[in-house]
Every structure is written in structure tokens, then in C-alpha cells.
Amino acid sequence: MKEEQLVRNPKGLLISLCAVMMMSVMNGTMFNIAVPDIAKTYQLMPSEVSWVMTGYIMVYAVGALTYGKLADFYPYRTLITFGLSIFCAGSLFGFFAQNYGMVLLARVIQAVGGAMIPALVFLAPIRYFPNERGKVLGIVSSVMAFASGVGPIAGGFIAGFLDWRYLFLTSALIIITLPFLRKNLPQEESKKGYIDYIGAALIAGVISTLMLGITLGITWLFLFTVLFFALNLWRMKAIDEPFIPAHLFKSNQYRATIITSFLGVVCLFGMMFMLPIMFRDAYGLGTMMIGLVLFPGALSAALMGQKGGNLVDSKGNTFVLYMALGLLGTGFVVLSTLVGAHPYIVSAAIIIAYMSFPLVQASSADILANILHKNETGVGMGVFNLLNFVSGALSGALIGKALDVFNPNQPFNWFGFEGTTAVYSNIFLAFALIILLGFLQFRLNFYKKRTDVCAKETRFLVKGAGFFLM
């Protein structure tokens with residue numbers, strides 16, 4: 001029996017997956033808006049209140065990889081029930097928190113449960129929708145992009161008209177999706193398998209020290225990152241079934257795909273991190289106005305997702321990835337040129353880059369699904385999700401440092417605007433160069449040692465490259 005036949009109501013499952021993804025992403029972006037209010041409530045320094053986001057992202061990143069590994073052995077219904085229950089408990093705990101320590105603990109509990117969501121939401125289309133995988137991945141990615149844009153608006157409204165504590169209560173509403181997910185997910189049996197918990201702990205050490213070093217700027221922590229990484233490499237060679245199989249990274253296709261996806265998401269998350277700062281500092285806009293200016297971009301991503309997913313199924317995942325990189329690179333060049341113009345003009349330019357978000361995610365995930373062995377889909381996609389979260393922390397830290405250190409009056413872009421927006425123009429131009437780097441490394445490495453590339457795929461490749469260079 002095929003796996004897709006196990007799903008009684010595919011449409012109901014897809015709606016449930018999108019709902020839980022929407023609420024999960026909004027939870028993260030809503031709290032970005034609330035950080036100043038939390039600092040004011042407990043009279044905290046910026047370095048202290050930053051743990052509201054740092055602690056959450058750190059646990060979330062490690063958890064996403066762990067749940068991906070567990071999904072290779074345990075039923076989705078079991079994992080999603082556990083994850084959502086823990087997330088809801090953390091949300092309610094945060095709503096009734098009496099001090100900052102309780103708020104931090106609540107965020108950690110949220111992350112322990114919430115990390116399950118991206119791991120399973122990106123795996124479910126691969127397992128349950130193999131014939132429409134690209135379409136479903138596109139829809140899921142578009143929901144993720146849309147929620148990233150709507151979250152700050154919702155967070156600003158709730159925190160402004162009620163109180164930041166109600167963000168926890170809003171997040172707890174995610175539990176209403178659990179009955180629908182359990183109803184639509186098929187009954188499955190647990191599989192026998194060995195889980196390398198020592199390897200998992202070493203990987204957690206790598207990610208935790210790396211994330212802390214990046215987000216807090218503590219450079220000596222990177223020494224521990226190197227140590228944990230070396231121990232993890234030793235562990236991968238020392239046992240037969242390590243937490244992350246070493247042979248995953250021996251595949252040129254797997255490496256090329258996750259590197260390209262990582263570079264693309266670094267730029268996308270960097271854009272999302274930087275735009276509110278730019279509109280606040282360079283344009284003097286308030287929180288609600290910033291949300292409204294960014295909303296068209298988020299909406300374009302939502303509309304593009306389903307069409308992009310259909311393209312993955314009809315034209316091929318590599319063609320869509322090239323097209324996405326072309327849109328993204330073009331969008332950053334346009335933004336580099338127009339930053340400094342009227343906010344509405346910049347808002348329109350953002351659409352070009354923003355709409356590529358679901359295309360990058362859907363095409364990369366579909367490529368990986370084709371590469372990975374069935375028994376390693378969970379951990380392979382877990383690495384994919386892990387790198388997405390690391391990319392967000394990395395881009396935020398680097399851009400924050402760049403904005404602190406550099407204050408040019410003249411942009412590198414000859415057609416850009418002079419003045420306070422010059423630094424943002426330069427960063428967008430750097431993003432375009434990073435996308436070009438990702439394009440070239442994918443083109444050189446993905447097809448290395450392959451001789452069976454059909455003429456049809458080659459034509460799509462040439463078209464994608466031409467689209468990028470235009």
C-alpha cells in the first residue's frame with residue numbers, strides 16, 4: 001500500500017499542518033516586537049533581555065534536528081502530541097510568570113515543544129504527499145513566509161492594546177490544532193532503531209556554543225564549538241549508527257543543496273531582520289506602519305507558494321531553485337538601488353525578493369527528498385531545518401555588527417541613494433553577491449560526476465541561469 005493512501009483526509013491534514021505552522025512562526029516573530037516591553041517591565045539591560053530570543057532560538061535549533069531524527073523511528077501522531085502539549089504548557093506558564101526567570105523558562109519550554117513543528121511539517125509532505133510533494137512544500141513554505149510578515153503586526157497590536165504577556169496566551173491557542181492533526185494523521189507503528197544520544201549531546205554542544213557565540217558576541221565560545229565539532233566527527237567515525245550519518249555529507253548533491261539553501265536563507269532572514277530597523281531608523285516609521293509596509297511582501301510570498309510548488313512538480317525542483325535564486329538576486333539589486341526612495345516604492349521592491357522565500361524552501365526540500373534514503377529522511381531534513389535556524393542567528397548578528405560599525409554616506413551601488421540609507425544599500429548589494437555565490441556553487445557541485453542529466457533538465461538549467469543573469 002502506498003503511503004499517501006494511509007491519509008484519510010489529505011486536504012484536512014494539509015490545512016492542519018498549515019495552521020500549526022502559521023501559529024508557530026507567528027509565535028517567534030511576535031516576541032521580537034515585545035522585547036523592549038519585557039525589558040521595561042523587569043528593568044533589564046539589552047544583553048539581559050536578549051535571552052528571550054537567544055534561549056528560544058538555541059533550544060529550537062537543536063530540537064528541530066532531534067525531532068527530525070526521532071521521526072525516523074516514532075509515529076508523527078506521538079511526536080506532535082508531545083510537542084504541542086509541551087509548547088502549550090510553556091505558553092500558559094509564561095502568561096502567569098511572576099519574574100524574568102520564569103519568562104525565560106517559559107520560552108525554553110515553548111522551544112522544547114515547538115521545535116517539533118518545522119521538523120514534522122516539512123517531513124509530512126514527503127511521507128504523505130509523494131505525488132504532490134512540490135505543491136504541498138510550496139504551500140507550507142508560503143505559509144511560513146506569510147506568518148513571518150504578519151507576526152510583527154499581530155505582536156504589535158496585542159502588546160500595544162493589551163499587554164506583552166498576552167502573547168503567551170495567544171501562542172497557547174496552537175493546541176486547538178492538535179485534535180485535527182491527530183484525526184488526519186494515520187496510525188503508525190514505532191520502528192526499531194538505535195539513537196545515538198551521546199552524538200546528539202555533542203551536536204547540541206556544537207549548536208549551543210555557536211549560537212551563543214554569534215548572538216551574544218562571546219568569541220571564546222567558538223573554541224568550545226570547535227572542540228564539540230571535533231568530538232562529533234570522532235563519534236561519527238567511531239560507531240556504526242551515529243546521530244547524523246557521515247555519508248550524508250559525502251553526497252555532492254546533498255552538500256550543494258544545503259549550502260545553497262543556507263546562503264539563500266541567510267540573505268532572506270537577514271532582509272527580514274534588517275528591514276524593520278531600516279524603516280525605524282532611516283525613515284522614522286512606527287511599529288504598525290512598518291508592519292503595513294512589509295505586509296505586501298509577505299502576501300506576495302503567500303500567493304507565490306502554491307504556484308511555485310506546482311512548478312516544482314511540473315518543471316522540476318532544480319529549475320525552480322534557479323528561478324528562485326534569480327528572483328532573489330534581482331530583488332536585492334533593485335532594493336540596493338531604491339533604498340532611500342519613498343517607503344511605498346521600497347515596499348513594492350521588497351515583493352521581488354520576498355516572493356522567492358517559498359520557492360527557495362520548497363525546491364530545496366524537494367531536492368533533498370529525492371536524494372535522501374527513506375530511512376534517513378528525518379535526520380536529513382533535520383539538518384536542513386537546523387541550518388535554517390543557524391542562518392537566522394548568523395545573519396542577524398552580522399548585520400547588527402555591520403550597522404554598528406559602518407556608517408557610509410555613499411553607497412557602492414552607483415545608482416543608489418546617498419545619505420543614511422547607504423549602509424542598507426551596501427548590505428543588499430552584498431546579499432546579491434552571496435546569492436550569486438550560491439548559484440555558482442550549486443551549478444558546479446550538484447551535477448559533479450553525473451552523466452545522466454537529460455536534455456530537458458539541461459534546458460531548464462540554461463533558462464534558470466539566463467533568468468538570473470538578466
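**Rings, helices and a pocket**

Y322, F439, F442 and F446 are joined by ring pairs into a cluster. Rings of Phe, Tyr and Trp (its six-membered ring) pair if their centres lie within 6.5 Å; planes under 30 degrees apart count as stacked, over 60 as edge-to-face and the rest as tilted. The model is predicted: local features need pLDDT of at least 70, side-chain atom pairs count only at pLDDT 80 or more, and totals for chains, interfaces and linings use all residues. Residues are numbered from 1 along each chain as its sequence is written, and side-chain values use heavy atoms, with hydrogens and water left out.

By the ring rule there are 17 aromatic pairs. One of them is F146 with F295, an edge-to-face pair with 6.0 Å centre to centre and 65° between the planes. This pair links distant parts of the chain. F146 is in helix α7 (residues 133-161) and F295 is in helix α13 (residues 287-315), 149 residues apart. Helices here are DSSP runs (H or I, at least four residues), numbered from the N terminus. F295 is partly exposed, because its value is 28%. Buried means under 20% relative accessible area, exposed over 50%, and partly exposed in between (1.4 Å probe, protein chains only).

F428 and F431 form another edge-to-face pair, with 6.2 Å centre to centre and 75° between the planes. Both sit in helix α18 (residues 422-445), three residues apart, about one turn of the helix.

A charge sits over a ring if NZ of Lys or CZ of Arg is within 6 Å of the ring centre and within 35 degrees of the ring normal. The charged end of R107 sits over the ring of Y56, 4.0 Å from its centre. K69 lies over the face of F243, 5.9 Å from the ring centre.

Now take helix α4 (residues 76-95). Its 20 residues reach 28 Å from first C-alpha to last, close to the 28 Å expected at 1.5 Å a residue. The expected span is 1.5 Å times one less than the number of residues. Its buried residues include Y76, R77, F87 and F95. Among the elements that cover the buried residues of α4 are α1, α3 (51-70) and α5 (100-114).

Helix α1 (residues 10-42) holds S24. S24 is buried, because its relative accessible area is 4%. Leaving aside neighbours within four places in sequence, S24 is in contact (heavy atoms within 4.5 Å) with Y60, G114, I117 and I174.

I352 is partly exposed, because its relative accessible area is 25%. Not counting residues up to four places away in sequence, I352 touches L327, G331 and V334. I352 and S171 are 181 residues apart in sequence and 31 Å apart in space, C-alpha to C-alpha.

Which helix supplies the largest share of the lining of the second largest pocket? It is α11, with six residues. α10 (197-216), α11 (221-238) and α17 (377-405) each supply at least two residues of that lining.
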